[in-house]
Amino acid sequence: MKLRKISEITATLPFTEFDFMQKYRESFAVSELGRIHAQLPLKELAEKIRSHFPKTHPQGNTPMFPPEGEVALMFLKPYTGQSDDGLIEMLNGSIHIQMFCGVLIDPANPIKNGKIVSAIRQRIAGALDIKELQKLLYDKWGGLLKDKNLCLTDATCYESHLRFPTDVKLLWECCEWIQSLIKKTCKALKERLPRNKYRDIDRDRLTYAKHRKHTRAATAKLRRRLLGLLSKQIGQWNRICKIHTVDITLTAEQSKRLSALKEVYRQQSALAQKKEVKHRIVSIDRPYIRPIVRGKENKRVEFGVKVNNIQIDGISFIEHHSFEAFNEGVRLQECIEYQQELTGIKVTRVGADTIYANNDNRRYCTENGMTTCFVRKGPKPKDEDADISTARRIIGTLRSTAMEGSFGNQKQHYSVGRIAARNSRSETLLLFFGIHMANAATLAARQLAIEEKEKQLQKQRA
C-alpha cells in the first residue's frame with residue numbers, strides 16, 4: 001500500500017523511546033503548517049464537497065487519499081507554490097506535509113504520478129460551491145474575529161498566467177494551430193496538403209517580431225495578411241471535413257479550440273472594420289478570459305477573474321466573481337447583506353472605495369444608520385460632528401491599508417497573482433483555496449502572537 005491513514009496506525013513497539021511518530025506529531029503541532037492545519041475545518045469541508053459528488057467514484061476505484069486529505073492537498077498547492085509534480089515530491093519527502101493530509105507514505109513505495117493532484121482538482125472543481133464552503137470556514141473562524149459590524153469591501157483582478165495578448169500574437173496562434181491540425185489530418189488521410197501563404201507569412205512575422213518597435217502601418221499590414229491566411233485555412237479545413245466527414249474525429253479539446261478560433265476570426269474581422277466587439281477572446285487556449293480594464297497607471301488592462309471581496313477583521317471572503325468585467329460599485333448592498341448573513345450581526349460601519357459612493361448606496365446606508373467613509377457631497381457644514389468626521393477617516397484608512405494589503409499578500413505569497421489553470425473551474429478553485437489559505441495563515445500567526453504574549457506575561461508574574 002502506498003498510503004495509509006495516520007489514524008489507523010497504532011504503535012507496535014513496546015518501548016516509548018522508539019515512538020518517533022509521537023515526536024513528529026508534537027513537532028507538527030507547533031510548526032507553521034500544524035498551526036494552519038488547526039485553523040482549517042478539513043473534515044466539514046470534505047463532507048460538504050462530497051455531498052455534491054455522484055454516488056460512485058468516476059473511475060470505479062477507491063480514491064487514493066481520504067476526503068479531508070484531498071481538500072488538504074488543495075490548500076497545500078497555494079501554500080507551497082509548487083507544480084503538481086513538485087507537490088507530490090514534497091509530499092513524498094516531508095512527514096509534516098503527510099500529516100497535514102492525514103496520510104503516511106511508505107518511503108520504499110512513493111507516489112510517482114503527479115497527475116493525481118490534477119484529477120483531484122478537477123473532481124473538486126466540479127462540486128465547488130463557494131458560498132457554502134465559506135459559511136463553514138466562517139463557522140470555524142467566527143469566534144476569533146472582531147469588529148463584525150464593520151464591512152470593508154473592494155474589488156481586484158486576480159490575473160491568469162497568460163502572455164500579454166496582442167492581435168498579431170492571437171491571430172498567429174490561430175493560424176499556427178489550424179495549420180498543424182490540417183497537416184496532421186492530411187497525413188492521416190494520405191491527402192495532399194492544401195497550398196497557402198503560411199511559410200511566407202511566418203517568415204515576415206518573425207522579421208516583424210524581431211523589431212523592437214512596430215509602426216502602425218507594419219502592424220496593420222501584418223494583421224490583414226494574418227486575417228486573410230486564417231480565412232483561407234478555415235475554408236480549407238471545411239472542405240477537408242466535407243469530403244472526409246466519416247473519417248475525421250476531433251477530441252473535445254480540439255473541438256473547443258476550433259470553435260474559439262472561428263470566433264476569434266469573426267471578432268478580429270469586426271475590429272478591422274472598426275466595429276465594437278463584446279466578450280472579446282484573448283486566448284484560444286482559454287477562451288473564457290476577458291480583458292478587464294482597471295485604469296491603473298502601470299497596468300491599464302488586466303486579464304483574469306475579477307473578484308469583489310468583503311473583509312471581516314482582516315479575513316477576506318469572496319462576495320462575487322466573474323471572468324466578465326462588471327461594475328463593483330452597484331454591489332455594495334449585496335456585500336452588506338452577505339456579511340450580515342455570515343455573521344448574523346447588523347453592519348453599522350462601511351468602508352469602500354469611491355466607486356461605491358453612488359447615490360443609491362449613500363441613500364441605502366443613510367436609511368439603515370450606517371457610517372461610511374464616503375466623502376460628503378456639497379460644502380462642509382459648519383456644525384459637522386467631529387466624531388463622525390473622525391470615524392469616516394478611520395474607516396477609510398482601514399479600508400485602504402487592510403484591503404490593499406490583503407490583496408498584495410494573497411498575490412505575492414499564495415499563488416493567486418498569476419493563476420496557471422487550463423479551464424475556468426480549475427482557475428476558480430485555485431483562487432478560492434489561495435485566498436482562504438492566506439486567511440488561515442493570518443489566523444495562525446495571530447494565535448501564535450497571542451500565545452507568546454501570554455507566555456511573556458506568565459514569566460513577568462513569576
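A: Two strands are said to pair if DSSP finds at least two bridges between them. The strands themselves (E, at least two residues) and the helices (H or I, at least four residues) are DSSP runs, numbered from the N terminus. The model is predicted, so that local features need pLDDT of at least 70 and side-chain atom pairs count only at pLDDT 80 or more, while totals for chains, interfaces and linings use all residues. Residues are numbered from 1 along each chain as its sequence is written, and side-chain values use heavy atoms, with hydrogens and water left out.

Strand E5 has several pairing partners. Strand E3 runs antiparallel to E5, and 8 bridges join the two. In this region Glu-159 stands opposite Gly-304 of E5. Strand E6, residues 315-322, is likewise antiparallel to E5 and is joined to E5 by 7 bridges; here Asn-309 faces Ile-318 of E6. Ile-292 is placed opposite Glu-302 of E5.

E5 and E6 form a hairpin with 2 residues between the strands, and Asp-313 in this hairpin has a positive phi near 55°. Most residues other than glycine have a negative phi. Two further residues deserve mention on this point. Asp-147, which is not a glycine, has a positive phi near 50°. Asp-147 is found in the loop between helix H8 (130-141) and strand E3 (150-160), and its relative accessibility of 44% makes it partly exposed. Ser-415 also has a positive phi, about 60°, without being a glycine. Ser-415 lies in the loop that runs between helix H15 (386-413) and strand E9 (418-419); with 35% relative accessibility, Ser-415 counts as partly exposed.

The wider setting can now be described. The protein has 16 helices and 9 strands. Its C-alpha trace spans about 90 × 80 × 45 Å along the principal axes, and 44% of its 462 residues are buried. Contact means heavy atoms within 4.5 Å. Among contacts with a separation of 6 or more, 72% are between residues 24 or more positions apart.

The protein is divided into domain 1 (21-54 + 61-126), domain 2 (137-160 + 304-427) and domain 3 (167-273); such bounds come from an automatic or database domain assignment. The C-alpha centres of domain 1 and domain 3 are 43 Å apart.

Two packed helices are described by the angle between their axes and the distance between the axes. The axes are lines fitted to C-alpha atoms, for helices over the stretch in contact, and angles run from 0 to 180 degrees between N-to-C directions. Helix H4 (residues 67-80) and helix H5 (residues 84-93) have axes that come within 10 Å and cross at roughly 105°. H4 is therefore roughly perpendicular to H5, since angles under 35 degrees count as roughly parallel, over 145 as roughly antiparallel, 65 to 115 as roughly perpendicular and the rest as oblique. Leu-73, Leu-76, Lys-77 and Thr-80 of H4 meet Asp-84, Leu-87, Met-90 and Leu-91 of H5. This contact of H4 with H5 has 5 nonpolar, 1 polar and 2 charged residues. In this grouping Ala, Val, Leu, Ile, Met, Phe, Trp, Tyr, Cys and Pro count as nonpolar, Asp, Glu, Lys and Arg as charged, and the others, Gly among them, as polar.

Leu-87, located in H5, has 0% relative accessibility and so counts as buried. Beyond its neighbours within four places in sequence, Leu-87 is in contact with Leu-73, Leu-76, Lys-77, Thr-80, Gln-82 and Val-117. The C-alpha atoms of Leu-87 and Val-117 are separated by 8.3 Å, although these residues are 30 apart along the chain.

H4 also packs with helix H16 (residues 424-461), at an angle of about 75° and with the axes 8 Å apart. H4 and H16 are therefore roughly perpendicular. Among the residues that make this contact are Val-71, Met-74 and Phe-75 of H4 and Leu-429, Leu-430 and Phe-433 of H16. By class, the contact of H4 with H16 has 9 nonpolar, 2 polar and 1 charged residues.

Technical notes. Buried means under 20% relative accessible area, exposed over 50%, partly exposed in between (1.4 Å probe, protein chains only).
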